[in-house]
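Please work through the following exercises with the sequence and the structure beside you, and try each task before reading its solution.

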Amino acid sequence: LAVLGLLSHVAEERPLIGTVDDVQWLDRASAQVLAFVTRRLEAESVGLVFALSGGSDELAGLPELVVEGLSAGDAQALLESALTAPLDPPVRNRVIREARGNPLALLNPRSVLPPGLAGGFGLSGAVPLEGRIEESFRRRIGGLPPDTRRLMRLAATDPAGEPSPLWRAAVRLGIGPEAAAPAVEAGLVAFGASGVCFCHPLARSAAYGTASLGERHDLHRALAEAIDPRLDPEAHAWHLAEAAQVPDEEVAEELERCAGRGQARGGFAAAGAFLERAAMLTPEPGRRADRLLAAARARRTARRLDPLNVELARETHLEALMAAIWAGVAGDDAAMLDAAEAARAAPPGREPPRAPDVLLDALALRLTEGYAAAAPALTGALRMFFDLKARAEEAVRWFDLMGLIRPGMIALEVWDADAWHELLTRHVQFARDTGALVQLQFAVNSLAVIQLLGGELGQAAALIEENRLIADASGNPPYGFAEIMLAAWRGREAQVSELTEAAVLEAAAGRPGRWVTFAGSARAMLYNGLGQHDAARDCAWPETARKRTVETRDDLTAQEGQIATLAGNGLSNPEIGARLFISPGTVKYHLRKIFVKLDIHSRSELERALTAIRYR
């Protein structure tokens, strides 16, 4: 959202076009941010152009132009322009054929024509084009002066490419600025005020690949010493770790702190990577096991963890049990029972028991021995959570677990509506604060269900629309159970049929089976309300969808309705944009359309105008 706001702000002064080359080499988080921004440029004078080889899940659905390889005639003309001596026609044709229209390969024919093979005759098995291009870069780098080669290897070691740390590290290695000129003149790399830019990702790969293991340690150490840990602690810690040749507890502790910061902001993959590296550098076996377990929690490998760390193993059993519950389908309880029995067979927790231990035991009892045996323990787990007065990091871990187990489900098991509402309100706020978008999707859907049960259809609709916006931002599909329930409560048969059809298809494609149960429940509620009691009875059983019928549409789109509601509640354009993951300019654009549709002229008229369509 900050990137979107920045581009929108710049575009207020003059139109802006941005180009992003080699998108396939971007990390996933950066690609998601760019895709998020691109899909929200409807009201800004901003254009983004991406170039990539192959497909991209993040950019799927955007307008695209496929650029094919050069034709045979154009390829021959380009090849001949790059040759310093003529080639025999059979050799020339072989080069053109194996280059497959790739201009870079044709401009550097040695990448597809290895030397010493009888002028090109006798070429045996074809080497993949990517490997040949990287080899050609390796040969070009090998012809540079020694200090220039070391400078290129140093630049390749730091993907961030920040100029200041790079040149400080170069000084530590005895490399002067004059070493850059031969690489720049060869067209391999550019050194500028904004950073280092290789001519191709394979050139960076080739440069790093020419360094020996010992030299790589030296390069990482120089970069670690050149990076201020106060400004970039993650990069500093990572380079220290890569430079370490023996276990080092101080470096491991720094990596662990970086993992904690990453997890606090929702970067769970990065946290896992830091913890795994920290474990490898931990000299003490018990501490090493703790760090490995912390890194492995998201993999649900509970049974293999039991002998190493009882507490973390029990938490992982809890995650595995809830995953089985969520993925289960009515009438197929084998996976849930297997997970419950494994949890009951796990070593007991410490005394006095922690809230995760009580909850694990209660859920396992619920699935193996029934409600009566589990109800006291379920109630106790909820009470322990509400009384939790622990450190912030412990609360974060608890909410991480609660994000998977959907705390409302536990409260529902013991018929505690107040606890259900309180837990979900906390969960929504936690997910917002940490930027954990997947957790936020679950939380707002569950909170929408509470609003539906309380008769607050408008508030439920706002939360459902927020779920769709989060889905766009995160690249994950929206969770539709609350939307199905809302349509059922409103008596919209066609919409319920459409949504339940989608739920059944998603379940058949491997999505959680509980969605099918939600779909059947919603349809039963729909037909009960319409007085079609036989149909309601039939829908209370699993996995058939009704056909769509024609349906009227609201005057406002879902997003316009959300913006109108928030504006009517007094939120400013920036506040609305932050809530809905759009720019303030886009909010302003939609408000103009809303005013026209509702035939009003100011925000003060919104509440009156919305009242007429709120329950349609």
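The model is predicted, so local features need pLDDT of at least 70 and side-chain atom pairs count only at pLDDT 80 or more, while totals for chains, interfaces and linings use all residues. Residues are numbered from 1 along each chain as its sequence is written, and side-chain values use heavy atoms, with hydrogens and water left out.

**Exercise 1. Placing a histidine**

Task: Find the helix that holds His220, decide whether His220 is buried or exposed, and list the residues that it touches.

Solution: Begin with the secondary structure, in which helices (H or I, at least four residues) are DSSP runs numbered from the N terminus. His220 lies in helix α11, which covers residues 213–226. Next, take the accessibility, where buried means under 20% relative accessible area, exposed over 50% and partly exposed in between, with a 1.4 Å probe and protein chains only. His220 has a relative accessibility of 5%, and therefore it counts as buried. Finally, look for contacts, meaning heavy atoms within 4.5 Å. Leaving aside residues up to four places away in sequence, His220 touches Thr157, Tyr208, His239, Glu242 and Ala243.

**Exercise 2. Two helices packed on α11**

Task: Describe how α11 packs against helix α7 and against helix α12.

Solution: Two packed helices are described by the angle between their axes and the distance between the axes. The axes are lines fitted to C-alpha atoms, for helices over the stretch in contact, and the angles run from 0 to 180 degrees between N-to-C directions. Angles under 35 degrees count as roughly parallel, over 145 as roughly antiparallel, 65 to 115 as roughly perpendicular and the rest as oblique.

Start with α7 (residues 146–157), whose axis is 10 Å from that of α11, at an angle of about 65 degrees. This makes α7 roughly perpendicular to α11. In this contact, Arg150, Arg153, Leu154 and Thr157 of α7 meet Glu215, Leu219, His220 and Leu223 of α11.

Continue with α12 (residues 233–243), whose axis comes within 8 Å of the α11 axis and crosses it at roughly 150 degrees. The two helices α11 and α12 are therefore roughly antiparallel to each other. On the α11 side the contact is made by His217, His220, Arg221, Leu223 and Ala224, and on the α12 side by His236, His239, Leu240, Glu242 and Ala243.

**Exercise 3. A covered helix**

Solution: In α26 (residues 481–489), eight of the nine residues are buried, so that the helix is mostly covered. Among these buried residues are Phe481, Ile484 and Leu486. Just after α26, Gly491 takes a positive phi of about 75 degrees. Glu498 belongs to helix α27 (residues 493–508), and at 35% relative accessibility Glu498 counts as partly exposed.
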